[in-house]
Amino acid sequence: MRSRSPCSRARAWSASWAYCCGLSPLRLCDVNMRRSLPRRSDRLDGGQGMAESAQAAGRPGERGGATRLEAFVDAAFAFAVTLLVISVDAIPDSTAALVAALKSIPAFAACFAMIAMFWASHARWSRRHNRDGVADVVLSLTLVFTVLVYVYPLRLQFGVFFAWASGGWLPYPMAFDGTADVSFMFLVYGLAFASMSLCMAALYGQTWRNRGRLGLDAATRAEVVGELAIFGWFTAVATASVVAALTTPADDTSLRVGLPGMLYALLGLTGPVNLLAVRRAGAAAAVRRAPVAAAGVLVTGTDTGVGKSLCSVALLHALRAQGLRAVGMKPVAAGCEPTADGLRNEDAVALLQASAPRPSYADVNPWALPEPTAPQLAARAAGVRVELAPVLAAHARLAANADVVVVEGAGGWLSPLGDGIEHADLARALQLPVLLVVGLRLGCLSHARLSVQSIEADGCRLIGWVGSAVDPAFERRDDYLDLLRAALPAPCLGVLPHAPAADPALLASNLAPAASAIAGTR
């Protein structure tokens, strides 16, 4: 008499789920696919390791932390593995029974490897390219659904294969009779493999369609093309096997049994297919890509109205004072006024006038939006969608005729430049370090530290910070500057006085350290 496994009891399901996914229980009302999970408080490094890892990777689109969608997908894959484990619902009570149970290990290992491969592929895609858009969520959930539906059929398929390959030494997990059953098993396996591969191909296809908006660099675009080629090849091979299983003549036993399986030998060409796709994508990018020899910096702030524009213009004068050709750029500007020459933004015009050589306004401000509000809302009101491709092209033209390009952001670091476009995406796409402008007023210590943590967590490099005396009545400015110098990991590269009507050229000497630091990146 065999005893029932504890894993087969109802209460063991929740325990297995919790053990495998490693997450605390969530109430249904807490689930939000677009919200990030808080970092675990029991990490010994307080989450610093994740930030350092993202910063070291420096991939466009890659970010630290996990969204609810990522956590759900990870948990679902873990649950699929749990289903494999609990499929053995009896604990062996003899040596013979134990040997019989151990003979199921090859089938379990093969099924586990296949599930792990697709989990790792989705995790890699999610970490680098997921923006939790509707298509991303639907395709990810479709992949999860397919895995959960096919987990048992795949286990049976691999069990039958290993039993046949061992000549019956390994046990058949189900009754098996004739070539019709062989064709059916290949049909089931092919549909599962093709469906999961197609989901991954569609996810990378979504990334490729949004490559301009995401600001993917040439290397990342080639990588996406390579992944598309891999999963497209997987889908094609599995589909060919399914077609062979359905169409081979029933009276041709050897062809009906052998052809669907032999087609999977074509998976051995996956490496060459990937390499060819990556090389072709890299060659095409090399033809399109203009050389960018200029140094530069992305100027952001702890908030809106902290003096980013004043700092950017004064910085241009400081760079020119060192004998450098310096031009400014305001990729996205809201609050543009209509003129005879088109929409013009006051801050962008100031950057243009401080630039030498003098570029065109269209390159300084590729996205000019009329309404003076958040760029996302201004773009929607104007009926346009902000994308990074025009910004990258304009920056390349500016960099071709300058030694340094000073790029001014919009609002604070976490203020989106458009739907799905963050300052981190811009910094990574242009490969620029970040200069943080800290508005010196009550609360600036917290704002500055939070901004720095976010910049580093996004994998961007903070070159330094500039203090900006935005509040003339703030009496503890010097004390707060000392606190900021002690608290922030990057150096203070200048302090701007409260001078709203001052000529920015007269403030250039205040930013000489910042100009030297930026020029040193050339």
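Which residues is Glu-408 in contact with, leaving aside its neighbours within four places in sequence? In this predicted model, the contacts of Glu-408 are Leu-298, Val-299, Lys-308, Ser-309, Ser-312, Met-329, Lys-330, Pro-331, Asp-347 and Leu-351.

## The whole protein

Start with the overall picture. The protein has 522 residues, and 46% of them count as buried. It has 20 helices and 12 strands. The protein exposes about 24,500 Å². Carbon and sulfur atoms supply 61% of that area.

## The annotated binding site

Now back to Glu-408. The UniProt annotation "binding site", from an unreviewed entry, covers Glu-408.

Glu-408 is found in strand S9. Is Glu-408 buried or exposed? Glu-408 counts as buried because its relative accessibility is 2%, under the 20% limit. Its side chain makes a polar contact with the side chain of Ser-309, at 2.6 Å.

Asp-347 is found in helix H13, residues 346–354. Its side chain also makes a polar contact with the side chain of Ser-309, at 3.0 Å. Leaving aside neighbours within four places in sequence, Asp-347 is in contact with Ser-309, Lys-330 and Glu-408. Asp-347 is partly exposed, with a relative accessible area of 28%.

Gly-409 is found in strand S9, which runs over residues 404–412. Gly-409 is buried, with a relative accessible area of 1%. Not counting residues up to four places away in sequence, Gly-409 touches Leu-298, Val-299, Lys-308, Lys-330 and His-423.

## Around helix H16

Helix H16 covers residues 389–399. Its buried residues are Val-391, Ala-394, His-395, Ala-396, Leu-398 and Ala-399. What covers them? The cover includes strand S4 (326–329), H14, strand S8 (367–369), S9 and helix H17 (423–430).

Ala-394 leads on to Ser-360. The C-alpha atoms of Ser-360 and Ala-394 are separated by 9.7 Å. Along the chain, these two are 34 residues apart. Ser-360 is found in the loop between H13 and helix H14 (361–364). Ser-360 counts as partly exposed, at 36% relative accessibility.

## The annotated transmembrane regions

UniProt places the feature "transmembrane region", again from an unreviewed entry, at residues 71–91, 97–121, 133–152, 182–204, 224–246 and 258–278. Take two of these spans. Residues 133–152 are 95% helix and 0% strand. The end C-alpha atoms of that span lie 31 Å apart. Residues 258–278 are 67% helix and 0% strand. Here the end C-alpha atoms are 33 Å apart.

## Aromatic rings

How many aromatic pairs are there? The count comes to 10. Phe-118 and Phe-193 form one that is edge-to-face. This pair links distant parts of the chain: Phe-118 in helix H5 (residues 105–129) and Phe-193 in helix H7 (residues 178–209), 75 residues apart. Phe-118 also pairs with Phe-231, and that pair is tilted because the planes are at 40 degrees, between the limits of 30 and 60. Phe-231 lies in helix H9 (residues 218–247), 113 residues from Phe-118.

The table sets out the two pairs.

| Pair | Centre to centre | Angle between planes | Type |
|---|---|---|---|
| Phe-118 and Phe-193 | 5.9 Å | 80 degrees | edge-to-face |
| Phe-118 and Phe-231 | 6.3 Å | 40 degrees | tilted |

Phe-118 is buried, with a relative accessible area of 0%. Phe-193 is buried at 5%, and Phe-231 is buried at 2%. Ring pairs link Phe-118, Tyr-189, Phe-193, Tyr-204, Phe-231, Phe-234 and Tyr-264 into a cluster.

## Cysteines

A disulfide is a covalent bond between the sulfur atoms of two cysteines. How many disulfides does a search of the whole structure find? The search finds 0. Cys-199 counts as buried, at 7% relative accessibility. Cys-311 is buried too, with a relative accessible area of 0%.

Conventions:
Residues are numbered from 1 along each chain as its sequence is written. This is a predicted model: local features need pLDDT of at least 70, side-chain atom pairs count only at pLDDT 80 or more; totals for chains, interfaces and linings use all residues. Side-chain values use heavy atoms; hydrogens and water are left out. UniProt positions are given in the numbering used here, feature names are shortened, and annotations may be inferred rather than shown by experiment. Helices (H or I, at least four residues) and strands (E, at least two) are DSSP runs, numbered from the N terminus. Buried means under 20% relative accessible area, exposed over 50%, partly exposed in between (1.4 Å probe, protein chains only). Contact means heavy atoms within 4.5 Å. A polar contact is a pair of N or O atoms within 3.5 Å; within protein, one must be able to donate a hydrogen and the other to accept it, and residues adjacent in sequence count only if both atoms are side-chain atoms. A disulfide is a pair of cysteine sulfur atoms within 2.5 Å. Accessible areas come from the Shrake-Rupley method with a 1.4 Å probe; for residues, only the protein chains shown count as cover. Rings of Phe, Tyr and Trp (its six-membered ring) pair if their centres lie within 6.5 Å; planes under 30 degrees apart count as stacked, over 60 as edge-to-face and the rest as tilted.
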